[in-house]
Amino acid sequence: MKRSIKFFVLALCTSLLWACSTTGEHILNLHKQQTKKVLIMVTNHQDYPSREDKTGLWLTELTHFYDLVTEAGLDVDIASPLGGKTPLDERSLGWLYMDKSAKRHLNEPDFKAMLTNTLDARKLNADDYLAVYFAGGHGTMWDFRNNQDLKRLAEGIYNQGGYITSVCHGAAALLNIESLEGTPLVAGRHITGFSNTEEWLAGLTDEVPFSLEDELKALGASYHKKVLPFLSYAIADGRLITGQNPNSGKAVASELIKKLDSDF
């Protein structure tokens with residue numbers, strides 16, 4: 001009887017020690033995860049081939065995502081392929097597209113400074129981030145695709161268990177990202193991005209260097225879009241989250257936050 005009691009006490013103590021150890025490890029991992037940031041990547045490019053107006057970052061694609069992830073308690077870095085200033089797409093600043101939050105941010109000195117002095121992607125380390133978000137604007141069609149530093153950062157973040165996210169034309173960065181097997185990461189994955197219909201309605205089909213929808217499909221992606229253009233739409237396929245158009249930044253952020261919450 002005494003031997004049974006001793007065995008029971010020993011087993012109970014062992015279980016408690018294991019539980020405490022596991023809990024401690026979970027808290028440690030959570031704390032480690034929380035020390036990492038979300039990397040927002042924006043464009044440096046502002047010129048169309050033949051139009052006089054300027055492109056660049058579509059502002060609300062940044063602010064909608066930025067607001068939700070920072071409200072969730074996540075720290076954010078804003079970077080670009082070359083660092084320095086990110087130009088703002090002139091059309092994105094029109095009354096039809098701006099909201100109160102975006103207007104407020106443009107009057108905040110610290111926020112304006114982040115857009116003027118974005119971090120240089122060439123100097124960043126993937127280990128510092130738990131997710132990357134490729135914000136759109138037509139400028140990304142020229143400086144996101146085939147950029148080796150964006151590829152290095154995105155693959156590094158993804159291969160260590162992090163998330164790759166994009167919205168609208170930001171999906172141009174996904175076109176040269178590869179899996180560990182050397183195949184296109186988007187192949188066989190449920191993906192969205194700015195559609196051919198939306199490009200035509202925007203009047204820019206003849207200005208952009210390629211069709212984003214066509215290129216995603218050519219790499220084997222299972223491309224999806226809303227029946228009606230310009231409605232908010234985001235898809236989460238594992239640790240790959242994409243949004244269709246400028247109105248989808250919040251949906252991408254919401255999907256990312258849900259995924260991060262479920263990780264711990």
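In this predicted model, the contact between helix 2 and helix 9 brings H64, F65, L68 and V69 of helix 2 against G249, K250, V252, A253, S254, L256 and I257 of helix 9. The residues of this contact divide into seven nonpolar, three polar and one charged.

Two packed helices are described by the angle between their axes and the distance between the axes. For helix 2, which spans residues 59-71, and helix 9, which spans residues 249-263, the angle is about 30° and the axes lie 7 Å apart. Helix 2 is therefore roughly parallel to helix 9, because angles under 35 degrees count as roughly parallel. The crossing in which helix 2 passes helix 9 is right-handed.

Turning to charged side chains, the structure holds 13 salt bridges, and the table lists some of them with the distance between nitrogen and oxygen.

| Salt bridge | N to O distance |
|---|---|
| K54 with D47 | 2.5 Å |
| R122 with D120 | 2.8 Å |
| E213 with K217 | 2.7 Å |

In the salt bridge of K54 with D47, K54 is partly exposed, its relative accessible area being 31%, and D47 is likewise partly exposed, with a relative accessible area of 37%.

The salt bridge of R122 with D120 joins residues that fall into separate accessibility classes: R122 is partly exposed at a relative accessible area of 46%, whereas D120 counts as buried at 13% relative accessibility, because the class of buried residues takes in values under 20%.

How are E213 and K217 placed in helix 8? They are four residues apart in this helix, which covers residues 212-218, and so they are separated by about one helical turn; their side chains meet in a salt bridge. Here E213 counts as buried, with 4% relative accessibility, while K217 is partly exposed, with a relative accessible area of 41%.

Beyond these pairs, there is also a network of salt bridges, in which K151, E155 and E178 are linked.

Notes
Residues are numbered from 1 along each chain as its sequence is written. This is a predicted model: local features need pLDDT of at least 70, side-chain atom pairs count only at pLDDT 80 or more; totals for chains, interfaces and linings use all residues. Side-chain values use heavy atoms; hydrogens and water are left out. A salt bridge is a side-chain nitrogen of Lys or Arg within 4 Å of a carboxyl oxygen of Asp or Glu. Buried means under 20% relative accessible area, exposed over 50%, partly exposed in between (1.4 Å probe, protein chains only). Helices (H or I, at least four residues) and strands (E, at least two) are DSSP runs, numbered from the N terminus. Axes are lines fitted to C-alpha atoms, for helices over the stretch in contact, and angles run from 0 to 180 degrees between N-to-C directions. Angles under 35 degrees count as roughly parallel, over 145 as roughly antiparallel, 65 to 115 as roughly perpendicular and the rest as oblique. A crossing is left-handed if the near helix is turned anticlockwise from the far one by less than a right angle, and right-handed if clockwise. Contact means heavy atoms within 4.5 Å. Ala, Val, Leu, Ile, Met, Phe, Trp, Tyr, Cys and Pro count as nonpolar, Asp, Glu, Lys and Arg as charged, and the others, Gly among them, as polar.
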